[in-house]
Amino acid sequence: MTEAHPPSSPPPPLTLAEVEALARAAHEGQTDKAGRPYAEHLAAVAEGVRARGGSAEQQAAAWLHDAVEDDALSHEWLERAALPRSVKDMVLAVTKRADEPVEEYTARILATPGARLVKEADLAHNADPDRLSVLDEATRTRLTAKYARVRSLLGL
C-alpha cells in the first residue's frame, strides 16, 4: 500500500516585502511623466495608503496598482499570483481599460472593497504640485482637470 499524501496546499500569500520587490522589478527602467523612476510613484502610493490607515492588502494593491495597466505584469500573472483575492480585485478595479468611460472606471472602483483608498492615494501623488510643476503647462492643466474629475466621481 502506498502512503496517501494530503492534497497540496496553495503557497502562502506573498508578503508585503515580496510584493514590493516584485513591483519594483516589474517596473524596472520605467519612468513617470516627470522622468523619475516609476518605483518612486509606487512607493508614494503604498505609503499614502498606509498613512491613510489602509490594510496590508490595500498596501499590496498599491504596490501593484499600475502593473497590469502598464503591462509590467500580465493579467494572467496576477490571477496566478499567491495573493488574496481582495488584492487582485483591488488591482483590477483600479486598472484602466482601453476606451473605458471614466464613469464606468470610477463605478468599478467604488464597487470594489478597498479600492477607493488605493485610488485616493494614487490621485494624491499624481496631483502633487511638485510632480506637476515639472510638466509643460498644457499637460499640467489637462492632468489637473482629469484628476479633479476622478476625485469628484469618487466622492473625494
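Trainee: How many residues line the largest pocket, and which of them lie nearest its centre?

Mentor: The largest pocket has a lining of 22 residues, and K33, Y38, H41, N126 and Y147 are those nearest its centre. As to the general idea, rolling a probe the size of a water molecule over the atoms shows where empty space is left. On a 1 Å grid over the protein atoms alone, a pocket is an open set of points where a 1.4 Å probe fits, with protein on both sides within 12 Å along at least five of seven lines, and lining residues have an atom within 4 Å of a point. Please note that this is a predicted model, in which local features need pLDDT of at least 70 and side-chain atom pairs count only at pLDDT 80 or more, while totals for chains, interfaces and linings use all residues. Residues are numbered from 1 along each chain as its sequence is written, and side-chain values use heavy atoms, with hydrogens and water left out.

Trainee: What is the volume of the largest pocket, and which helices each supply at least two residues of its lining?

Mentor: A volume is the space filled by probe spheres set on the grid points, which are joined across faces, edges and corners. For the largest pocket this comes to about 350 Å³. Helices are DSSP runs (H or I, at least four residues), numbered from the N terminus. Helix 2, helix 7, helix 8 (129-132) and helix 9 each contribute at least two residues to the lining.

Trainee: Which residues does H41 touch?

Mentor: Contact means heavy atoms within 4.5 Å. Setting aside residues up to four places away in sequence, H41 touches H65, D66, D122, H125, N126 and R131. A polar contact is a pair of N or O atoms within 3.5 Å; within protein, one must be able to donate a hydrogen and the other to accept it, and residues adjacent in sequence count only if both atoms are side-chain atoms. The side chains of H41 and H125 make such a contact at 2.8 Å.

Trainee: Where is H27 found?

Mentor: H27 sits in the loop between helix 1 and helix 2, and H27 is buried, with a relative accessible area of 2%. Not counting residues up to four places away in sequence, H27 touches Y38, L42, D66, A67, D70 and A72.

Trainee: Which residues of the largest nonpolar core touch the most other members?

Mentor: A nonpolar core is a set of buried Ala, Val, Leu, Ile, Met, Phe, Trp, Tyr and Cys residues joined through side-chain atoms within 4.5 Å. The largest one here has 37 residues, and L64, L83 and V91 touch the most other members. Several helices supply at least two residues each, among them helix 1 (16-26), helix 3 (56-64) and helix 6 (102-111). Helix 5 gives the most to this core, namely 6 residues. Beyond its neighbours within four places in sequence, V91 is in contact with A61, L64, V68 and L78.

Trainee: How many salt bridges does a search of the whole structure find?

Mentor: A salt bridge is a side-chain nitrogen of Lys or Arg within 4 Å of a carboxyl oxygen of Asp or Glu. The search finds 12. In one of them, E120 pairs with R52, the closest N and O atoms being 3.4 Å apart. E120 lies in helix 7 and R52 in the loop between helix 2 and helix 3, so the pair ties together parts that are 68 residues apart in sequence. R52 is partly exposed, at 37% relative accessibility. A polar atom of the R52 side chain also lies 3.1 Å from the backbone oxygen of G48. Apart from neighbours within four places in sequence, R52 is in contact with L117, E120, A121 and A124.

Trainee: Which residues are linked in a network of salt bridges?

Mentor: E79, R85 and D89 are linked in this way. The closest N and O atoms are 2.8 Å apart for E79 and R85, and 2.9 Å apart for D89 and R85. D89 and R85 both belong to helix 5, 4 residues apart, about one turn of the helix. E79 is partly exposed at 29% relative accessibility, R85 is partly exposed at 41%, and D89 is partly exposed at 33%.

Terms used. Buried < 20%, exposed > 50% of the residue type's maximum accessible area, 1.4 Å probe, protein only.
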